[in-house]
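Subject: Structure handover

Hello,

Here is the structure for you to look over. My notes come after it.

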Amino acid sequence: MTERSLRVLEFHKIRAQLAQYCVSEMGQSLCEGLVPVSRIEEVRRMQQETEEAGSVLAYLGGTPMLPFTDVRTALHLAEIGSALSPRALMDIGACLRASRAARDALVGERENTPLITANASRLSTFRAIEQAIGDAIISEDEIADRASSELFSIRRKMRACNERVRERLNGMIHHASFQKYLQEAIITMRADRYVLPVKQEYRSMVPGIVHDQSATGATVFVEPMAVVEIGNELKQLISAEKAEIERILRALSAQVAPEAAAIADNLAILAQLDFAFAKASLARQMHACAPKINGNGRLNIIRGRHPLIDPEKVVPLDIRLGTDFISLIITGPNTGGKTVTLKTTGLFTLMAQAGLQVPAEYGTELAVFDDVFADIGDEQSIEQSLSTFSGHMKNIVSILENVTPDSLVLFDELGAGTDPTEGAALAQAILSTLLAMHTRTVATTHYSELKEYALTTENVENASVEFDVATLRPTYRLSIGIPGKSNAFEISRKLGLPEFVIGKAKELLSKEQVRFEDVIANAEYHRQVAEKERQLAEEARAEMVAIRNQAEAERKKLEDQRDRSIKKAKDEAKRIVENARRESEAMIAELRAMKKAGGAQEHEIQRVKKKMEQAQEALADKKEIGGEIPKTVKPGDMVHIASMDVDATIVTAPDAKGYVQLKVGLMKMRAPLDDLRTLTSAQQMIKKEQKKLEHKKSMRAQRVDITARAVRQELDVRGLALDEAIPEVQKFLDDAMLSSLGEVSIIHGNGTGILRAGIQDCLRRHPCVSGFRLGRYGEGETGVTIVSLK
């Protein structure tokens, strides 16, 4: 690619944006040196690498790269036997950590990132060297005590010496008679020795070595003789520490040296991975997509957004080239977006051929060209005495000398800057030359001759950028197939140019020019009408699809609700039948006991049992579905209220508005007929049997005093709240006392234990109770309390 085209299309700004997402200077260098390539296989590989890096970013939630620096110089020094500095060793350790982290994050069983995984698999890990450097070096100015046992021992002795020196000096400066010799009662350092600031006139009173004096000479810094020996020892330890640190650095450098080549290879791989993830991060920031790549010169940009324009202001554009035409001539007013269209087309091509994704919609297709030539902007040069036209023409000459059928050529205001007639003729000749070579070309112009040329020439197409005359503002929308107008008369009229001047200007136009402009205006008017109608049709279609989807969702919701209601009704029916069966069995057992006492007949027992079996068979066979809206109802009918999911009994027939009065338990209410559902015969049979059983249960309680001596008496309060159960228990105990019973049972169940505890507390205070206990095995165990009466 020519450097001039990269500059004109502002590719360097894209490279600068890309470099911001790198974590290393080596990655930034790759970004700054990025250039488009013209081999389609390489372009596809680079695009695949960017797509894979984007998949990893989405999976991990961020880049797996850790910061690292270029340590190739340090590695070379280690190879030739030099001792590396702590800073260099720390940078090498960071490189080793980054290599290990990248390998751990990227080498796995993912099948959708073969390029990234293969690249990361080439990374070598050196955990021992990494740990040795990390353990030994705290910062570029500090080596850890544990770097070696010798260093630990030396520093322990140094701390002991420091403490001894300070202890002696503190004793001296805090001695009352000694303080008069000092300028200040402090301990300071000179030449790595501990000293005291002594007044010059008392120098002879403080035996020791003078290491320094103040600028005025009033103070001398003396190392007292009492600590000189300790100071000498400390000086020797400092030298030993320095020597040991140098030995440690040499040892670490010697560990690095044999692996220098492999670490250097790691650096190159890390830089490439850093570059790949920078490309993916830029694509994420731009909301870009991977374009389809072809080698046939086809361009189809769908809602492309120029990446250097503010995302809040940029207007997406659609442009195609290389399918039904290979040259596109764009016309329209100034500031209408013609140049932006050219730059977007060229920049997208460069980005795609550099392996970058483009800010457009999925389905965008771009071609691989051997070069992109762009003649955009003012080429006037004072130094070379070139006019605007000469500057453009010099560039066009260079383009025609180097262009091939596999190139993309972009012209802005082709033929401008000279006589319009000659300029239009030159522009047409240049376009014809490129057309004969089958070179893909996009050009902008104001010349009507080029509009006619596009209308009459095969493989050449007109396009225009829209302009709203009412607001005097461009819409920046590109319309392919319609030539544009300059709108000079309309803009002049809006700006206040007198009408008679505009009229004279129109008279100067030839009839053919007027007719041609009228045809364009008419075509543009009908295109805009068609576009508005298309938008309305799209909106109507979208609204229809939304209504259809909403209706489908409502239908499915109703079906699901109906299925749930039917299932719930059936489950409820089964539950009721099962409860009724248990109640029936209990009733039958009691009736048998009553029979022995002369209270019931065998045929009554069999009748109850037979009706319960019939109800169960009716439900199991599922022969009647029910659940439909009743057409009419009469008092006494049993129905189901759908909105409340409860059963009710009809009290009155429907009124004029279709409302009926119902009874739900003890409550009366009104409901519309369409909110009611019929009950199946099985459900109605269950309801009736349930009522009969409840009636017999109440009758049984009333006859308890008659049959008390024939059967053991018990009270079942399961399902009742404590405040509901206590009155029942008290009445039950009173009746038992009147029947002269000695022992009764209260069934309260286990549950949370609240009901049992409350009942037993009541029993403790009841005057008729002599004692109570929990049931034994066979009596109900902890779910039953056996009560002894006085």
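Below is what was found, from the whole chain down to single residues.

This is a predicted model, in which local features need pLDDT of at least 70 and side-chain atom pairs count only at pLDDT 80 or more, while totals for chains, interfaces and linings use all residues. Residues are numbered from 1 along each chain as its sequence is written, and side-chain values use heavy atoms, with hydrogens and water left out.

The chain as a whole

The chain holds 23 helices and 25 strands. Both are DSSP runs numbered from the N terminus, with helices being H or I of at least four residues and strands being E of at least two. Of the 790 residues in the chain, 40% are buried. Buried stands for under 20% relative accessible area, exposed for over 50%, and partly exposed for what lies in between, using a 1.4 Å probe and protein chains only. The chain exposes about 42800 Å², and carbon and sulfur atoms supply 52% of that area. Accessible areas come from the Shrake-Rupley method with a 1.4 Å probe, and for residues only the protein chains shown count as cover. Among contacts in the chain with a separation of 6 or more, 66% are between residues 24 or more positions apart; a contact is a pair of heavy atoms within 4.5 Å.

Nonpolar cores

In soluble globular proteins, nonpolar side chains tend to be buried together. A nonpolar core here is a set of buried Ala, Val, Leu, Ile, Met, Phe, Trp, Tyr and Cys residues joined through side-chain atoms within 4.5 Å. The largest such core has 51 residues, and those with the most contacts inside it are Phe11, Leu18, Leu34, Leu328, Met351 and Leu410. Helix α12 (residues 338-353) gives the most to this core, namely six residues. If neighbours within four places in sequence are left aside, the residues in contact with Met351 include Phe11, Ile14, Met286, Pro307 and Val358. Apart from this core lies another, of 45 residues, with Ala120, Ile137, Ile245 and Ala257 among them.

Salt bridges

Side chains of opposite charge can pair when their charged atoms come close. The whole structure contains 25 salt bridges, each being a side-chain nitrogen of Lys or Arg within 4 Å of a carboxyl oxygen of Asp or Glu.

One of them joins Glu49 and Lys279, whose closest N and O atoms are 3.1 Å apart. Glu49 lies in helix α4 (residues 40-60) and Lys279 in helix α11 (residues 260-286), so this pair ties together parts that are 230 residues apart in sequence. Glu49 is buried, at 5% relative accessible area, and Lys279 is buried too, at 1%.

Another pairs Asp145 with Arg155, at 2.7 Å from N to O. Asp145 sits in the loop between β2 (142-143) and α9 (149-173) and Arg155 in helix α9, so parts ten residues apart in sequence are tied together. Asp145 is partly exposed at 27%, whereas Arg155 is buried at 12%.

Arg718 and Asp716 also meet in a salt bridge, at 2.8 Å from N to O. Arg718 is exposed, with 52% relative accessibility, and Asp716 is partly exposed, with 36%. Elsewhere, salt bridges that share partners join Glu42, Arg45, Glu49 and Lys279 into one network.

Loop residues

Asp324 is in the loop between β9 (317-321) and β10 (327-331), and is partly exposed at 47% relative accessibility. The C-alpha atoms of Asp324 and Glu461 are separated by 8.8 Å, although these residues are 137 residues apart along the chain.

Most residues other than glycine have a negative phi.

- Asp192 has a phi near 60°. Asp192 is in the loop between β3 (188-190) and β4 (193-199) and is partly exposed, at 46%.
- Asn459 has a phi near 70°. Asn459 is in the loop between α15 (448-456) and β15 (460-468) and is partly exposed, at 31%.

Regards
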